Amino acid sequence: MNNNKKKFHWAWWILIGASIMVGLTRGGLNSSGGLFLSPITNDLGISMGSLTIYFSIAAIVTMVFLPIAGKLMAKYNLRALLIVAAVLQAGSFAMFGFMDSVWGWYLFSIPMAIGAVFMTQMAGPVLINNWFKKNKGLMIGIMMAVSGGLGAVLQPIIGSLIVNQGWRNTYFIIGLGVLVIIIPVIFFTLRLSPKEKGLQPYGADEVTNEEQENKAPALETGVTLKAARKSSAFFALIVFFFFITAIGCIAQHIPTYATEELGYSGTFAGNAMAGWMFGALVGALAFGFLTDKIGAKNTGIFAMILGLVPVVMLITSASNPTIFSIAMVIFGFVVASIGTLGPLLTSALFGNKEYSQIYANIALGLAVASVVALPAYGYVFDAFHSYNPVLYAIAVMLVINIVLLIVAFNGKKKLEKAGEWN
């Protein structure tokens, strides 16, 4: 093992590959959906609420497919699954460019969502959890920071392409471009387990030495999925995921909010979303680092309190472009907690014994939120011609989430007292 330590450990290739994969699919494909809404609705005469239903369809498919995805990852070759997933997600994104009816978005949102389950939600956290023994919070933070960084680069590019090339050509260019880049990355860098390379997880030697010194067994500890499902922590975390995802769903409506309600240009909206993604980059790193230092609970509470700041800024001063842009950066910072804190809270509350199964079930809260929030925000705008009611609702959700974190960690204590954590 000493020789392995001197070499470039394959875990770093995993981090690089997973970061690029998540960055292009989450920071690029998923996060850019909102930039297309106004051009499409104006061009085809579709209402905002009707079009955003495709986000809900995608979320329903995600909800159904998440547990299946966990089982498929354990059973089949990871690279083959991810290549198929990339074709489904990026290929469907490109196909949107051919559509003339809202039914086209409804139809292709299904394969796109199936691919995205692997690319944006399941594969990254599971790979990091498998390949890194220490500082998992920081590594997940780095992965999500790259996602934010790539998103920050891609959002203004996509916004500019829509203005100059049209929304149809932009779908083609981005969808096919992501596909060409991501397939080689998956094939050459990603492996599900260190055993496939004859290695131990990065940092395993250090952890083993510490455990020997402390006379502690080198075992994965935690609770089973069966025990987790009976706990208040499980349901509190699902609802937390629901609300934090519902809060993050406002990102898809920011371009419409900026252009239709506030009168900003499409280019400004793209740059605002770049600021959002930059905030997500910094937030992902910060939340990963803070979780390692002060724990997932305290980091989560801090994120929720900070989230109230951009809400107040937008309610009171959204017409000021400088304040609007600053609010986007802070909002992106806070919403980075979805990708970073989600896996880390799951691990903190339930351990690693059956992590992937528990995470796949907990993540249902993310999917359900998208089903409800994305079209709801669209219909609110159609009804009031304003996103202010949405912003007030987000403030309430942030406060509720603080309570949910306290409930969840009290539930963990009950699991420990009942002897379920071992």
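**Note on helix packing, bends and selected residues**

1. Helices H17 (residues 337–350) and H20 (residues 388–417) pack with their axes 9 Å apart, at an angle of about 30 degrees. Axes here are lines fitted to C-alpha atoms, for helices over the stretch in contact, and angles run from 0 to 180 degrees between N-to-C directions. H17 and H20 are therefore roughly parallel to each other. The cut-offs: under 35 degrees counts as roughly parallel, over 145 as roughly antiparallel, 65 to 115 as roughly perpendicular, and the rest as oblique. Helices (H or I, at least four residues) and strands (E, at least two) are DSSP runs, numbered from the N terminus.

2. On provenance: this is a predicted model, in which local features need pLDDT of at least 70 and side-chain atom pairs count only at pLDDT 80 or more, while totals for chains, interfaces and linings use all residues. Residues are numbered from 1 along each chain as its sequence is written, and side-chain values use heavy atoms, with hydrogens and water left out.

3. Back to the first pair. H17 and H20 pack at about 30 degrees. H17 contributes Leu345, Ala348, Leu349 and Phe350 to the contact, and H20 contributes Leu405, Ala408, Phe409, Lys412 and Leu415. Contact means heavy atoms within 4.5 Å. By class, the residues of the H17 contact with H20 are eight nonpolar, no polar and one charged. For these classes, Ala, Val, Leu, Ile, Met, Phe, Trp, Tyr, Cys and Pro count as nonpolar, Asp, Glu, Lys and Arg as charged, and the others, Gly among them, as polar.

4. Leu349 of H17 deserves a separate look. Leu349 is buried, at a relative accessible area of 0%. Buried means under 20% relative accessible area, exposed over 50%, and partly exposed in between (1.4 Å probe, protein chains only). Leaving aside neighbours within four places in sequence, Leu349 is in contact with Leu237, Ala408, Phe409, Lys412 and Trp421. Ser231 is 118 residues from Leu349 in sequence, and their C-alpha atoms are 11 Å apart.

5. The second pair is H12 (residues 232–248) with H18 (residues 355–362). Their axes are 9 Å apart and the angle is about 55 degrees. That makes H12 oblique to H18. Phe234, Leu237, Ile238 and Phe241 of H12 meet Tyr359, Asn361 and Ile362 of H18. This contact of H12 with H18 holds six nonpolar residues, one polar and no charged.

6. H7 (residues 102–131) is bent. A bend of about 45 degrees sits at Met122, and the proline Pro125 follows within four residues. The bend at a residue is the angle between axes fitted to the seven residues ending there and the seven starting there. The 30 residues of H7 reach 42 Å from first C-alpha to last, close to the 44 Å expected at 1.5 Å a residue. The expected span is 1.5 Å times one less than the number of residues. Of the 30 residues of H7, 24 are buried, so H7 is largely enclosed by the rest of the structure.

7. H5 (residues 53–75) has a kink too. The kink, about 45 degrees, lies at Phe65, shortly before Pro67. H5 has 23 residues and reaches 33 Å end to end between C-alpha atoms, close to the expected 33 Å. Its buried residues include Tyr54, Phe55, Phe65, Leu66 and Met73.

8. H14 (residues 266–294) has 29 residues, which should span 42 Å at 1.5 Å a residue; the end C-alpha atoms are 40 Å apart, which agrees. Gly295 follows H14, with a positive phi near 95 degrees. Thr291 is found in H14. Thr291 is buried, with a relative accessible area of 12%. Not counting residues up to four places away in sequence, Thr291 touches Ala296, Thr299, Leu341 and Leu344.

9. Ile140 is in H8 (residues 136–165). Ile140 is buried, at 4% relative accessible area. Not counting residues up to four places away in sequence, Ile140 touches Ile128, Gly339, Thr340, Pro343 and Leu344.

10. Ala204 belongs to H10 (residues 204–213) and is buried, at 9% relative accessible area. Lys133 is 71 residues from Ala204 along the chain, yet their C-alpha atoms are separated by 5.5 Å. His385 is in the loop between H19 (364–384) and H20. His385 counts as exposed, at 59% relative accessibility. Its phi is near 55 degrees, a positive value in a residue other than glycine.
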